Amino acid sequence: MHFHHHGYVSGDPRVEPAAGVGINRPEDLPDEVDVLIVGSGPAGMLTAAQLAQFPDITARIVERRPGRLAIGQADGIQARSVETFQAFGFAERIIAEAYRITEMAFWKPDPEDHSRIVRSARAVDDPTGISEFPHLIVNQARVLDYFAEFMANSPARMKPDYGYEFRSLRVTDNTAYPVSVTLVHSAGPLEGQERVINAKYVVGADGARSKVRESIGCHLAGDQANHAWGVMDVLAVTDFPDIRTKCAIQSGSGGSILLIPREGGHLFRMYVDLGEVSPEDHGAVRKTTIEEIIHKANQILHPYTLDVRNVAWHSVYEVGHRLTDRFDDVLPEERGKRTPRVFITGDACHTHSAKAGQGMNVSMQDGFNLGWKLGHVLEGRSPESLLDTYSGERQVVAKNLIDFDKQWSSLMAKKPEEFEDPTELENFYTSTAEFPAGFMTQYTPSMVVAEATHQDLATGFPVGKRFKSAPVRRVCDTNPIHLGHHAKADGRWRIYVFADATPAGAPGPVADFAEWLETAPDSPLAATPSTLDRDAWSDVKVIYQQDHTNVDINAVPAVFKPAVGPFKLTYLEKVFGTDPAADIFDERGLSRDGVVVVVRPDQYVANVLPLSATAELAGFFAGLRSAPKAHEVHVPTTAEAPAAASTAAASTAVVEHA
């Protein structure tokens with residue numbers, strides 16, 4: 001964590017100084033905003049948390065509930081999400097309170113007595129080590145709490161505006177705030193009264209019954225599996241031996257259970273198979289009582305018993321798989337002629353079964369993808385065309401998710417005798433582990449993903465996939481760290497310079513590349529406003545092939561040791577050597593001739609280049625940069641003048657927690 005560069009910090013360093021719109025932030029929802037986010041679920045809260053790092057952007061998030069979510073329905077946290085939590089600063093704390101999945105047990109009918117179930121197999125949750133982060137189970141409400149804390153501690157001091165329900169929107173001719181949104185007070189003394197908010201952009205994160213989606217003419221299309229499941233979070237006494245292990249249970253009676261232990265040591269969730277649903281059912285199955293669900297669970301678990309003592313939450317749902325044809329308000333015939341103004345994320349775009357633990361995880365990546373792009377456009381860093389990439393990138397991911405979930409949910413609903421191979425379920429679980437963990441996403445070439453022309457230089461960092469961290473040693477303090485863990489969700493691009501074998505400071509490819517970065521007018525750093533620190537928009541790190549004891553920190557080029565803060569202190573924590581126990585060059589297939597790996601603000605690899613390819617790197621960033629717009633630069637008013645110095649400092653501090 002990076003602090004003290006603006007002076008001594010005596011309090012919690014996670015609380016960044018208020019800056020821009022965060023200074024004297026109005027309590028009441030303003031009439032005009034840059035971004036209005038509708039819905040405070042995982043996708044909406046992550047989008048808001050990311051935008052809270054941009055102090056000159058007025059973003060607000062509205063929620064129809066009167067306060068925070070108390071009991072969440074989603075609970076599975078895949079490793080990719082924990083990586084994301086690391087960027088938002090709360091991975092360690094949420095891991096500490098969560099249930100950790102390390103194995104999954106499979107139970108099937110006893111071959112000698114089909115009325116009984118027996119354990120048939122165990123599968124390691126991450127057999128190939130696809131991430132250093134674990135697979136967790138934790139209440140969705142706690143995830144939202146952590147994002148809310150991050151927002152409140154960010155420079156923009158954002159927090160949800162509760163008690164507002166979305167009613168409608170229309171895109172107007174207003175060039176400054178073209179989206180007119182009608183809200184209605186859903187709680188409090190003004191309940192029932194309407195309120196009109198004008199926004200530059202609107203993000204609909206308002207769930208499967210999204211009114212924002214309806215307002216832009218999008219519809220969920222797909223199929224219904226006509227299979228019902230009862231789900232319950234309960235406290236119970238049972239003799240089932242794997243009650244604290246994730247289980248797929250198939251009984252001789254044909255019913256199935258997916259058992260998910262919950263955090264805290266006692267609570268667990270059961271998805272209980274309620275069987276096929278007739279097309280003439282017309283929703284009657286949704287009236288299944290909790291007593292009926294518990295009775296069905298006991299039938300499936302025989303010879304074990306389940307004595308439920310407390311029900312925290314329960315529901316009944318029918319599996320459905322639906323997807324919208326676009327994730328923004330631009331019609332197919334308009335694509336390329338105008339940029340989007342309204343976006344939808346999460347369940348507003350894609351719905352599926354809950355049993356693969358994907359809904360919250362994929363939704364959060366929707367928000368991560370969109371949040372930094374809105375921030376860059378609104379700050380004037382990037383052209384509006386950047387926003388066109390959101391729908392194209394995330395719709396493909398959602399389609400792949402639905403295809404996967406159809407397979408998984410249909411396998412879970414199968415009767416044991418319907419499997420050609422009795423190990424088919426567990427084989428599918430282990431062979432597809434990378435997909436539900438969140439690591440199969442690979443974005444295709446666009447303005448934010450280059451062609452993989454030089455992929456052979458970094459085979460372990462596939463272009464378009466998430467940056468997979470690896471151990472290194474920081475030179476200045478000799479600390480062993482994971483390289484990717486120091487990339488905060490601050491909106492910055494990352495440029496990782498993996499050096500050739502030349503020692504630090506000696507003439508060679510790294511020295512030449514460093515000089516170009518520092519001095520060239522087409523360097524990515526050249527676009528950074530002079531009022532900000534040199535690394536405010538692009539975080540540049542160097543990793544030498546030598547171990548940390550053989551890197552002379554004084555010989556390292558200055559561009560890797562930027563001057564930061566009002567005192568222009570030298571920041572030394574961007575220089576690394578290899579870890580003798582796990583050489584990152586070997587671990588990630590990096591060329592010993594050196595290579596540059598460019599990573600997007602949402603942690604996806606955007607480009608891989610040789611050290612000599614400065615023209616290619618300049619060309620890539622040229623399409624991403626635009627001059628800041630004067631009307632979008634925050635200028636302190638007279639009332640803010642006493643805090644102007646600290647405000648300017650905080651604006652820089654926002655992007656320096658490398």
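1. Let me start with the open sheet: its 7 strands follow the order β20-β19-β25-β22-β21-β26-β27, with mixed pairing. At the edges sit β20 and β27 (605-609), each pairing on one side only. On average, neighbouring strands of this sheet are turned by 30 degrees against each other, direction ignored. Strands here are DSSP runs of E of at least two residues, helices are runs of H or I of at least four, and both are numbered from the N terminus. Two strands pair if DSSP finds at least two bridges between them.

2. A word on the basis: this is a predicted model, where local features need pLDDT of at least 70, side-chain atom pairs count only at pLDDT 80 or more, and totals for chains, interfaces and linings use all residues. Residues are numbered from 1 along each chain as its sequence is written, and side-chain values use heavy atoms, leaving out hydrogens and water.

3. Within the sheet, β19 (residues 471-474) and β25 (residues 575-578) run antiparallel and are joined by 3 bridges. Val-472 has Thr-578 in β25 as its bridge partner.

4. Lys-488 may interest you too: this residue is found in the loop between β20 (480-482) and β21 (493-498). Lys-488 counts as buried because its relative accessible area is 13%, and buried means under 20% with a 1.4 Å probe, protein chains only. Its side chain makes a polar contact with the side chain of Glu-16 at 3.1 Å (a pair of N or O atoms within 3.5 Å, one able to donate a hydrogen and the other to accept it; residues adjacent in sequence count only if both atoms are side-chain atoms).

Technical notes: Buried < 20%, exposed > 50% of the residue type's maximum accessible area, 1.4 Å probe, protein only. Axes fitted to C-alpha atoms, helices over the stretch in contact; angles between N-to-C directions.
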